[in-house]
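Dear colleague,

I am passing on the structure below, and after it you will find my notes on what turned up when I went through it. Please read them with the structure open beside you.

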Amino acid sequence: MLPASPGKDAKEMLKRLKASLNGFTSQPRDNYHGPKGHVLYAGLFFAAVILQVVAVLALLVAGYFVAAPETRYPLLFLLVPLWIIVAALALLLVNFTSLAVYAYHGYRQSLQRERRELWAGRWAGVLLNEEALPVAPLPAEGTEALLDLKEASFGEEAEMLASLSSYYAVEPALLRELNAPGLDTRLRALEALAKLRSASTLMPLLRLLEDPHPVIRLMAARAAARTIAAMPAGERERAALTLAGRLELSDLPLNSLEEVLVLLGEGAEAALVRALSGETAAGFLEVAVRVAGRLRLGALSEQVAEFVEGSYPLALRVAALRALGGLGRLPQRAQSAVKKAAEDEHAGVREEAVRAAASLPLGQAEAVLWARLGDSAWEVRRAAAEALLTLGGGGKSALIRATETHPDEATRRVAGQVLLDAGAIAPQHLWQTPEEMA
Amino acid sequence: MRPWEAFFNLYALLVLGYFAVLYLFYALLGYLGLRTIVSHGQQNSPLALKDMLAQGSFKGMSILVPARDEEAVIVASVRAYLSLDYPEYEVIVISDGSLDNTVATLADTFDVVEAFADDRPRLGTAKVERVYRSSRYPRLTVIDKAAGGKADALNAGLNLARYPLVCAVDADSRLDAKALLQASRRFAEDERLIAVGGTIRPLSRGALSGKTALGNGGRLPRSWLERLQVVEYARALLMDRLGWSALNALPIISGAFGLFSRQAVMEVGGYRVGTVGEDMELVMRLHKRFSGAWPRTDRRMLFMPEPVCWTLVPVTRQALRRQRNRWQRGLIEALWLHKDMLFRRRYGRLGMVVLPYFWVFEALAPVVEMLAYGLFAASLLSGLFFPGFTLLFLLVALVCGTLVSQLAVGVETLFFGRYATRRERLTLFGATFLEALGYRQMLMLERFVAIFQVLAKRGQW
């Protein structure tokens with residue numbers, strides 16, 4: 001039975017929760033947004049198509065019998081193109097049938113979306129004690145609405161919604177759907193499990209990292225990472241190690257692996273420590289370095305700094321320097337590596353080293369960055385100028401000085417443009433404006 | 001049998017066979033396209049999109065907007081591009097020798113100030129007179145350069161682009177609010193990707209002026225000429241491009257909306273100046289560089305149905321014919337420039353299937369079809385009329401073509417939910433019949449003429 005429309009307080013709460021969801025509610029495969037009366041249009045559409053196909057086939061047969069006496073060549077020559085046309089028509093019929101099936105599913109999804117919104121109102125009413133608890137079992141829309149609200153909630157509301165999920169045995173139902181024959185059903189279940197974040201679903205999710213379908217593997221990896229991130233410390237790190245081990249063997253694109261590891265949040269550190277210190281495939285190692293930088297895991301800076309050395313592949317060195325730049329603080333070992341990399345023969349390495357150099361102790365940072373302002377590569381000069389600006393008043397003064405006194409004209413231009421782009425100076429306060437320099 | 005009777009017989013059979021094979025291809029591509037649409041929909045997890053936004057996973061993007069004499073629309077276009085939903089991006093408008101007040105209009109509206117020239121390694125372009133940055137909108141850069149053509153303008157934009165992704169658009173287009181997010185998420189998820197093409201749809205003039213919201217579907221244009229182009233775009237983009245993308249052999253990404261890895265494009269030397277079909281020519285070079293047997297880098301190019309760019313289409317027959325003439329010349333130029341890829345196994349399905357298809361069924365299609373109509377006329381005049389063959393030819397060329405268009409319209413309306421009112425949908429369905437009665441023939445004739453003009457190489461907008 002459908003819930004009634006929500007009351008005023010529930011609507012306000014719903015609005016707030018929906019805003020925090022930022023429009024990303026469960027509508028991944030809700031491709032259909034049609035008007036009422038689309039059923040009539042769909043009916044007319046397919047009826048017209050079927051009539052045409054039947055008419056074409058009939059005329060083909062008629063045309064063959066008329067054309068056959070016209071040709072002086074063996075009839076086979078005429079039959080060959082006709083059979084090709086029949087094959088094309090047959091395949092077009094298959095396409096139209098598929099379209100009908102997909103359109104029907106799309107229509108059902110649009111109805112389900114409407115029902116889901118009503119259910120969201122109902123759950124908001126339950127949280128506000130304005131509505132009674134729905135009777136079990138929940139329909140799919142009710143479950144999805146519940147999990148959508150849980151995803152957008154915090155604190156007491158989130159705990160209440162989690163309790164409701166347990167009360168209505170949402171988890172066993174979703175785990176059963178993981179084994180459903182339809183890909184859509186399995187993907188929806190994975191999406192729901194990603195929101196549920198229940199520790200007891202972790203093992204089934206990890207098993208799916210061996211699924212032959214790459215979309216299933218990726219969705220399962222995401223759901224597992226989100227689940228692990230919500231676990232208590234200790235348990236979380238152990239689970240993250242297990243996940244990382246499975247990810248390495250999952251044959252997913254490296255960027256996808258990176259996104260999954262970032263989802264682990266604080267739980268990623270243990271997995272990254274192992275990846276950075278053990279026998280790890282080159283691609284996964286680079287992913288681990290990038291994730292360390294994105295998560296700003298300062299504790300890993302020494303390990304990451306190791307990969308700045310010249311003996312490692314260029315992409316790994318660049319990733320390591322970028323990560324160090326993101327960590328914000330450079331331990332002693334990393335400082336020497338960064339200063340050395342700022343003199344590297346590869347411009348890409350120098351560029352990232354210069355960005356990381358902004359985290360050196362102040363005096364050292366200014367010296368390295370000032371030296372790199374005159375680099376032969378534009379990207380390095382630009383990075384040095386931008387990094388100088390992040391040093392505060394001293395860096396800004398150095399840049400202004402560069403626009404006035406640096407012997408290299410290209411450097412003066414870059415310094416001036418960085419100051420202008422950052423709004424740190426008005427054009428009239430520059431020693432030479434772009435027009436004057438041109 | 002007299003020789004010319006034998007000739008008519010043989011040619012009639014060949015034409016029939018040609019169109020039979022063509023529509024079998026269409027049906028196959030439609031099948032692959034439908035599967036790709038469903039598979040893309042399955043991969044579109046909004047939860048993943050939300051997470052990626054929260055994690056800062058999206059790469060920065062430079063939107064390149066080449067413009068020539070676009071004074072009337074440029075401000076509205078730039079405002080639209082500056083309000084897109086994307087975490088980090090810039091908009092670079094390149095005025096390619098505009099003779100009107102395109103640059104002055106931008107300067108007045110967006111408070112631009114002159115920027116310093118920089119000395120990055122560049123693609124060669126026509127002289128860049130000045131570069132401006134907006135003091136009010138830090139994302140906006142304006143390049144004022146000498147005329148050099150669209151490809152040249154795009155190269156000038158590439159030279160100044162700051163971000164790893166570039167998106168080439170037209171000055172008179174509108175992107176769906178979330179188009180950039182939808183298109184670029186694949187780059188965030190798959191490091192092998194170097195280019196993504198999005199869907200182009202005709203824009204109604206009311207929406208361009210802001211009188212009509214784009215919303216989920218936009219509105220069906222008012223004129224029948226534009227409506228027929230809606231059908232045509234739906235067929236070409238949803239079935240043709242999606243089908244080839246499913247085979248990982250996408251031969252073209254439209255210049256009106258394409259996302260590229262800047263590094264990949266710079267590596268192949270940017271857009272080729274002096275060609276009419278610079279968009280297809282670039283994709284061919286990307287395939288050559290990144291898909292060959294050595295050095296094999298396993299890169300990919302995709303076409304995606306969800307990210308949508310709405311673009312103005314010609315509203316007069318003359319403008320439409322000029323456009324299709326240009327497209328045909330561009331197609332043949334690009335195919336000719338890369339004829340060395342034909343039947344080469346190192347280019348996989350692109351070399352062995354797609355390029356031969358394009359030569360036979362795209363480049364030469366106007367010749368075959370026009371000669372078929374000529375054959376029909378000649379047979380009537382000579383008294384040698386084959387009613388059976390004529391009926392079969394008309395069935396195949398016209399009716400099967402209509403069915404293919406209807407499939408595309410069905411996908412647009414029933415699957416994507418575009419053109420939301422029943423009236424618009426029925427109008428569009430009716431347009432699939434009208435398309436075969438004069439519209440298609442008019443364009444075929446123009447493409448036929450273009451084949452003989454192909455040697456005139458000049459960059460045209």
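Asp85(B) is partly exposed at 31% relative accessibility, where buried stands for under 20% relative accessible area, exposed for over 50% and partly exposed for what lies in between, with a 1.4 Å probe and protein chains only. Asp85(B) is joined by a salt bridge to Lys178(B), with the closest N and O atoms 2.7 Å apart, a salt bridge being a side-chain nitrogen of Lys or Arg within 4 Å of a carboxyl oxygen of Asp or Glu. This pair links distant parts of the chain, 93 residues apart, since Lys178(B) sits in the loop between strand 7 (173–175) and helix 6 (179–189) of chain B and Asp85(B) in the loop between helix 3 (74–82) and strand 2 (89–96) of chain B; helices (H or I, at least four residues) and strands (E, at least two) are DSSP runs numbered from the N terminus. Lys178(B) is also partly exposed, with a relative accessible area of 34%.

Before going further, please note that this is a predicted model, in which local features need pLDDT of at least 70 and side-chain atom pairs count only at pLDDT 80 or more, while totals for chains, interfaces and linings use all residues. Residues are numbered from 1 along each chain as its sequence is written, chains are lettered from A and ligands numbered from 1 in the order in which they are written, and side-chain values use heavy atoms, with hydrogens and water left out.

Over all chains, the count comes to 52 salt bridges. One of them joins Glu144(A) to Arg116(A), with 2.7 Å between the closest N and O atoms; because Glu144(A) lies in helix 4 (residues 140–152) of chain A and Arg116(A) in helix 3 (residues 75–127) of chain A, the pair ties together parts that are 28 residues apart in sequence. Glu144(A) is buried, with a relative accessible area of 13%, and Arg116(A) is buried at 5% relative accessibility. Another salt bridge is formed by Asp211(A) and Arg186(A), whose closest N and O atoms are 2.7 Å apart. Here Asp211(A) is in the loop between helix 8 (202–207) and helix 9 (214–229) of chain A, whereas Arg186(A) is in helix 7 (residues 183–196) of chain A, 25 residues apart. Asp211(A) counts as buried at 10% relative accessibility, and Arg186(A) is buried with a relative accessible area of 16%. There is also a network of salt bridges that links Glu351(A), Arg355(A), Arg382(A), Glu386(A), Asp421(A), Glu90(B), Arg133(B) and Arg162(B).

Arg382(A) brings us to helix 19 of chain A, where it is among the buried residues, together with Trp378(A) and Leu388(A).

The aromatic side chains deserve a separate paragraph. The structure holds 26 aromatic pairs over all chains, a pair being two rings of Phe, Tyr or Trp (its six-membered ring) with centres within 6.5 Å, counted as stacked if the planes are under 30 degrees apart, as edge-to-face if over 60 and as tilted for the rest. The rings of Trp244(B) and Phe358(B) have their centres 6.4 Å apart and their planes at 50°, so this pair is tilted. Trp244(B) belongs to helix 8 (residues 224–246) of chain B and Phe358(B) to helix 12 (residues 348–363) of chain B, 114 residues apart. Trp244(B) is buried, with a relative accessible area of 1%, and Phe358(B) counts as buried at 5%.

With regards
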